[in-house]
Amino acid sequence: MQNLKGVIKTFAIILVVIGVIQISFTLLARVVEKRADRYASSLVNRKAPAGLSGAALIQYNDSVDQLYKTYRRNFLDSVAGKPVIDLPLIRSLDYRFCRDNSLKLGLDLKGGMSMVLEINEDELLRTLAQNNRSELFNKAIENAKKAQAKDVGSDFLTLFKREFEALDPNAKLAAIFATVEAYSGKINFNSTNDEVIAVVRQDMEAAVSNTFQVLKKRIDQFGVASPNISLQKSTGRIILELPGVEDPSRVRKLLQQTAQLEFWNTYDNRELWDYLMKAYDAAKVLKAEQKSDTAKAGSTASVDTLDLLAGLVDTTAAKKDTTKASDEVSPLLQVLQPLYYRENGLPAEGPAIGVAYGKDTAEVNRIMSMPAIRNIFPSNLRLMWSMNPADGPQPAYYLYAISTNPSSPEAPLTGSVVKDAYSEFDPVKGSFAVNLTMNNVGAAKWEAMTEEAVKAKLPNGTPFKRSIAIVLDGRVLSAPVVQEKISGGRSSISGQRSQEEAIDLANVLKSGKLEARTVVIEEQIVGPSLGEESIRAGLISLIAGFVLVFLFMVAYYSTSGLIANAAMLLNVFILVSALISFGAAFTLPAMAGILLTLAMAVDANVIINERIREEVKRGKGLRLAVDEGYQHSYSAIIDGNLTTMVVSIVLMVFGLGPIYGFGFTLFAGILTSLFTAVLVSRLIFDWAFDKGFHIAFGNKFTMNLFKGTNFDFYGKRKITYLISGILVVISIASMIIFGFDLGVDFKGGRSYVIQFDKPVTTAQIASMLEKDLEGAPQVKTYGSNNQISITTDYLIDATGVNADSIIEQKIYERVKGLYDITPSFDDFRAKNVKSSIKIEAAIADDIRNSSWKAILFGLLGVFIYIFIRFRKIEFAAGSIIALAHDPIIVLGIFSLFKGIMPFSLEIDQNIIAAVLTLIGYSVNDTVVVFDRIREYMKLYPAHSIERNVNDSINSTLSRTIMTVFTVMIVSVIMFLFAGATLRGFSFALIIGLIIGTYSSIFIASPIMVDIAKRRAGN
């Protein structure tokens, strides 16, 4: 036993130490960010000039905000690789590391943009078939699209094959794909339809993977802090979260562009060196004419940039120049570092002419595009940035010199000629390489390009071997030096740093023939101010919930309540640090998960304390009472938590986005609750006994509060059956007749939260927008602060990136007159549109179907667990009937009272999460009672089953009431303070707690008895 205690103590200490280290990263990152705030604030003047008002004042404040963000960002960039605190033990901890390993806020707390993209599978299939004009082939694709719309979630290729064979049972897909050069050797005219589909499926899956990699690189270069992009392999959907994004239209355009692979001839740095030096001088001359506040701000940060570039290239000459007065420094030199050899000052070989930080590339582009600068260089020069950042303290990109054909703007060779690309290890060079295979046309062009490259000469006649740039979406992916003429359409790109990088490069190169268009099927935008409101609401909920629950535990359980609180504090600490370690984003649903984890930890402690009190009342000593109380509590605690764990797993399997986060938080919370409530609290008890502390388990009032309870619960079953039957019938009737107020994620459409500067009526807004949006939109009050939500399905099937702007413009034109100070359209989108959501009908169907599946599988999982655990069908049947009873009534209330309550009763993913949580809590209550019934049936076999059931419910009544009371505290706190986002969620919990407690006492146990008696023939 002592060994076990030692292991638990050691494990707890390790978890605490890890937690302190993990949370310290967040604190250290916040220290640097506070410095950045102070630095930026010291450089901007927020006091507006006298006389400014109205639109001019708004414009002034906007420019100040923008300047503040620029200064703040420049400060953080300059210190990213420097130690946060200059102490020996933590000197290696720089800001970038701390930021990347700190607590991450979700979009609903920080603001930003999330998207779900899907590849257009029908277009991709046509591309793979080289746009075959077969009427049968194209008709089958159209039919498959219609079938998939009705059968959401079905595999497109399977549906296509089914429709193809339905149109002509004797037709063969091999006749279409065997003629495609890319499938030579893979598909022949004798291949069966199943074999063809198998080969095509591989290419379609590769296209999804490749699109994911391309988008990931684009996002990494976009400049968003802590972006998150993931691929759902089961659906082929790509999920992106971009916190802090301020220009959604730019993101949409960036992500919906199709990848384009190109092969270009290049200049050598030595050929352009004199031109570049002249450009530096010309930019210096132009500096006086181009001065602006923005240029000054950029100049201040640029000198630091040159110092930081020392790890990338030799900057001796550059630093020498920057010691001169600010006016004498070329602005181009401040942002673009030339490449040369340290030893002799001669220009470096290769196609790159300079290097710059990512934040400075736009300034380089601006300067180089000036006519006076551009005309210095050869007319056929085109500049492109590298795709991947160079190794160094900060992300920096090389600027490549591309040689174009003056008679044609097109690349000499494109990705359309690449038949295949694969990675392999090169044993000679000890690195990974990517091998390319081109078609006949590409092989001939490639041979001519490589032959010309190996015969290149500098202006002084010195021969050299030129590079060929491989470009993806206008960014140079690689620029290998051509060693010899390459014949046969085969080539190899060596020097990849890892196998993963080689595989990714092969996928990118191979995608040149895959013209796969992506479609945004879900989009959510949350403004930063709404995120700040959510943070305040969430923190108030957390703090108020903690304080009230802790006070209640001390008031009810006295000294043992303090021990329970210590265990719960440790539980929350370990849970939060674990979530940070796993990189989980903190969202409002995650905060709700933490609060509910707290309530579950309370439940475990309540069970333990109630069992200990029972043993004390039987006259046992305190130490023996604690031993037996814990021993008798294990079964109920483990059963209750494992059934809730089933629900959390279902949430993770079927949930998307925040619902998955809620499920993950709940799952992790169950594990930490079991550890702290069952093991750590027991160690604290033993320590207190060893130290001789007096431990009380209540006071005179609470110790006798439920003493002598002897209610005939089973005898009232006919009344409760009637009450439940009436409520279930009314609920089902309401759901059938009145339906639900479905949220946008269940029905599809666009939803906007808009803030006004004075009160407005929802009817007024709806009537104003009805004509422009081709039907009355759904308009509701959203929280407080004069906010309303507008939901419409207008242009929901439009796939162009301008559809959102069109709708926002129509809304703006109608509502702008309702403001005291009319905002511009840009200000309206940036400041008054607090959040927006777009969900296409296809993904709405997916979300809706997944939600109902989650409820059904949650019930089924609980049924299976109880049946296995109790090994009697009557226990499983009683629990499942009670569990089905609870969500039906909760959903019935949402149906019956929609539009009546002063807050929204929309059915969305949050409500489904609440229903599943209620299933977990209800079964937890039921399992505790069933566990006591099973115990009493063994202790008192001579008693009737009805007596054992009544005695079990009465003996656990204090635990039931205490648990539901503490959970109710948390739920009411969420309802009052957590804001509009979680108000429906917390309302469902409050109603569900009442119904769930009622059903676990008055429905589950009586039904179990009735089934048991019927099986026994009584």
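Q: How many of the 8 residues of strand β9 are buried?
A: This is a predicted model, in which local features need pLDDT of at least 70 and side-chain atom pairs count only at pLDDT 80 or more, while totals for chains, interfaces and linings use all residues. Residues are numbered from 1 along each chain as its sequence is written, and side-chain values use heavy atoms, without hydrogens and water. Strands are DSSP E runs of at least two residues and helices H or I runs of at least four, numbered from the N terminus; buried means under 20% relative accessible area with a 1.4 Å probe, protein chains only. Strand β9 covers residues 396-403 and is mostly covered, the buried count being 7.

Q: Which residue of β9 is the bridge partner of Leu383?
A: Two strands pair if DSSP finds at least two bridges between them. Strand β8 (residues 381-385) runs antiparallel to β9, with 5 bridges. In β9, Leu383 is bridged to Ala401.

Q: Which residue of β9 is the bridge partner of Ala352?
A: Strand β7 (residues 352-357) and β9 are antiparallel and joined by 5 bridges. The partner of Ala352 in β9 is Tyr400.

Key
Buried means under 20% relative accessible area, exposed over 50%, partly exposed in between (1.4 Å probe, protein chains only).
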